[in-house]
Amino acid sequence: MRMQFTAGPDPTDLLTLPWSTALEDWPREKLVSLPRGISRHVVRFARIGGLVYAIKEISADLADREFELLRTLARTGIPVVEAVGVVAGRTTPDGEPLDAALVTKHLRFSLPYRALFSRRLDPNLEPKLLDALAELLVRLHLIGFAWGDCSLSNTLFRRDAGALAAYLVDAETGEMRDQLSKGQRMNDLDIAETNLAGELLDLQMSGLLPESVDPLETAVSVLDRYDSLWRELTEPQPMHTDEWWQIERKMRRLNNLGYDVGQIQINEDNGEMVLETQVVEAGHHRRKLLELTGLDVQENQARRILNDLEAYRTQAVMPETDVDEFTVARHWLTDVFEPVIEAVPAELSERLEPAEIFHEVLEHRWFLSEAAGHEVSMDFATKSYIESVLPFRPEEAALLDPTLMGVGSLDDDSIEE
């Protein structure tokens, strides 16, 4: 049996799993129930030492290929699940061959689309899901990755300051190239449209889709969302010789979308000037916040936190005083962020990830200040939020009823996921 794992604490723990047994026959005491999407393969979740791993049975060639693709995507900054390893050459005690197993870490505080719809926590869920999926597909295409099976089922979603962030969880059909042609991108979009329509129709038949949502029109709309973002990031922009300010405006617009610009080029043809920008990487605000504070959060969360950090700077630093931004950030962590997170009781800490809790406290503070007619303190807002809001949030890191997924429970091993 061949075990290939990434460096870290995982290999020793994973050796204790019953690899000589088919995944669908693993004992219940080794498994946990988590909401999951529909898959062509048998998938199970195992908890070891406080960590949850997703394990998928698949042929050895496909497992090795997907393992490398997930690691490559992660190195380029694409939001994907963490690939841990591959176990190949598996056999039963009687010598019967078994498929290989691809091991990834379960993404904490994430939910598949069916769980989100089943719990119906957000009245604006559909546009947020589609925006997140369209942006993920744009980011993949920018680096030359053709997904081949873009769907809600192959995506996990995490809250991101009121929006959703999409993570790729299945790269089995993907292919990495230096650059994608328009035809290759359109093929991916056609697949996405077909898969989305089918998944939304399934939700409709299950009674989980609002009557106002048309599955086919909604599926088509993801192409419009994709096209709008793709054009903003890649299309050249005409400009006049006296409009150099357009360069700064374009860069600010791209930064606000969460992207960094690596190269700016001005082309002049037939007396007309064209501004071309090369987008190098998404996550502009996320990287800036990580550099300043060490906090690794989602892009929208980072944008919101940076705004609060800037507000703190204007209040805490005397005018015309020279204080570097790293010093301000360190004091903000100690004075503002950490007290909010530390105030959350242990029994409520799994309701939302810390950055989302902080975002919601800021939102709660704004509403309290509006009602009071004056700005309330962070301490007051935090206490109020913990007492009146957080206890009623569902535990997004908790184990949920797998029947929400429409794929049965662990007792029904006849279902291949």
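This is a predicted model: local features need pLDDT of at least 70, side-chain atom pairs count only at pLDDT 80 or more; totals for chains, interfaces and linings use all residues.
The largest nonpolar core has 59 residues. Within this core, the residues with the most contacts are Leu70, Leu140, Phe145, Trp147, Phe157 and Leu168. Helix 4 contributes the most to the core, with ten residues. A separate core holds 29 residues, including Val297, Leu333, Val336 and Val361.

Phe157 illustrates the packing in the largest core. Neighbours within four places in sequence are set aside here. Phe157 then contacts Phe109, Ser110, Leu111, Tyr113 and Leu116, among others. Its partners also include Leu129, Ala132 and Leu152. Leu164, Ala165 and Ala166 are in contact with Phe157 as well.

Over the whole structure, the search returns two cavities of 30 Å³ or more. The second largest cavity holds about 40 Å³ of space. Its lining is made of Phe117, Glu126, Leu129, Leu130, Leu152, Leu200 and Thr218. Five of these lining residues are nonpolar, one is polar and one is charged. Helix 4, spanning residues 125-142, supplies the most to this lining, with three residues. Two residues of the lining, Leu129 and Leu152, are among the contacts of Phe157.

The backbone was then considered. Most residues other than glycine have a negative phi. Phe109 has a positive phi of about 60°, although it is not a glycine. This residue sits in the loop between strand 6 (100-105) and strand 7 (110-111). Phe109 counts as buried because its relative accessibility is 6%, under the 20% cut-off. Phe109 is also one of the residues in contact with Phe157.

Ala161 likewise has a positive phi, near 50°, and is not a glycine. It is found in the loop between strand 9 (155-160) and strand 10 (163-168). Its relative accessibility is 18%, so Ala161 also counts as buried under the 20% cut-off.

A pair of rings is described by the distance of the centres and the angle of the planes. The whole structure contains six aromatic pairs. In one of them, Tyr226 and Trp230 are stacked. Their centres are 5.8 Å apart, with 10° between the planes. Both residues belong to helix 6 (residues 215-234). They are four residues apart, about one turn of the helix. Tyr226 is buried, at 2% relative accessibility. Trp230 is buried too, with a relative accessible area of 14%.

Trp332 and Phe358 form an edge-to-face pair. Trp332 lies in helix 10 (residues 325-342), whereas Phe358 lies in helix 11 (residues 354-372). The pair therefore ties together parts that are 26 residues apart in sequence. Trp332 has 0% relative accessibility and counts as buried. Phe358 is buried as well, with a relative accessible area of 0%. Ring pairs join Trp332 and Phe358 with Phe337 in a cluster.

How values were computed: Residues are numbered from 1 along each chain as its sequence is written. Side-chain values use heavy atoms; hydrogens and water are left out. On a 1 Å grid over the protein atoms alone, a cavity is a set of points where a 1.4 Å probe fits but cannot get out, and a pocket is an open set with protein on both sides within 12 Å along at least five of seven lines; lining residues have an atom within 4 Å of a point. Grid points are joined across faces, edges and corners, and a volume is the space filled by probe spheres set on the points. Helices (H or I, at least four residues) and strands (E, at least two) are DSSP runs, numbered from the N terminus. Ala, Val, Leu, Ile, Met, Phe, Trp, Tyr, Cys and Pro count as nonpolar, Asp, Glu, Lys and Arg as charged, and the others, Gly among them, as polar. Buried means under 20% relative accessible area, exposed over 50%, partly exposed in between (1.4 Å probe, protein chains only). A nonpolar core is a set of buried Ala, Val, Leu, Ile, Met, Phe, Trp, Tyr and Cys residues joined through side-chain atoms within 4.5 Å. Contact means heavy atoms within 4.5 Å. Rings of Phe, Tyr and Trp (its six-membered ring) pair if their centres lie within 6.5 Å; planes under 30 degrees apart count as stacked, over 60 as edge-to-face and the rest as tilted.
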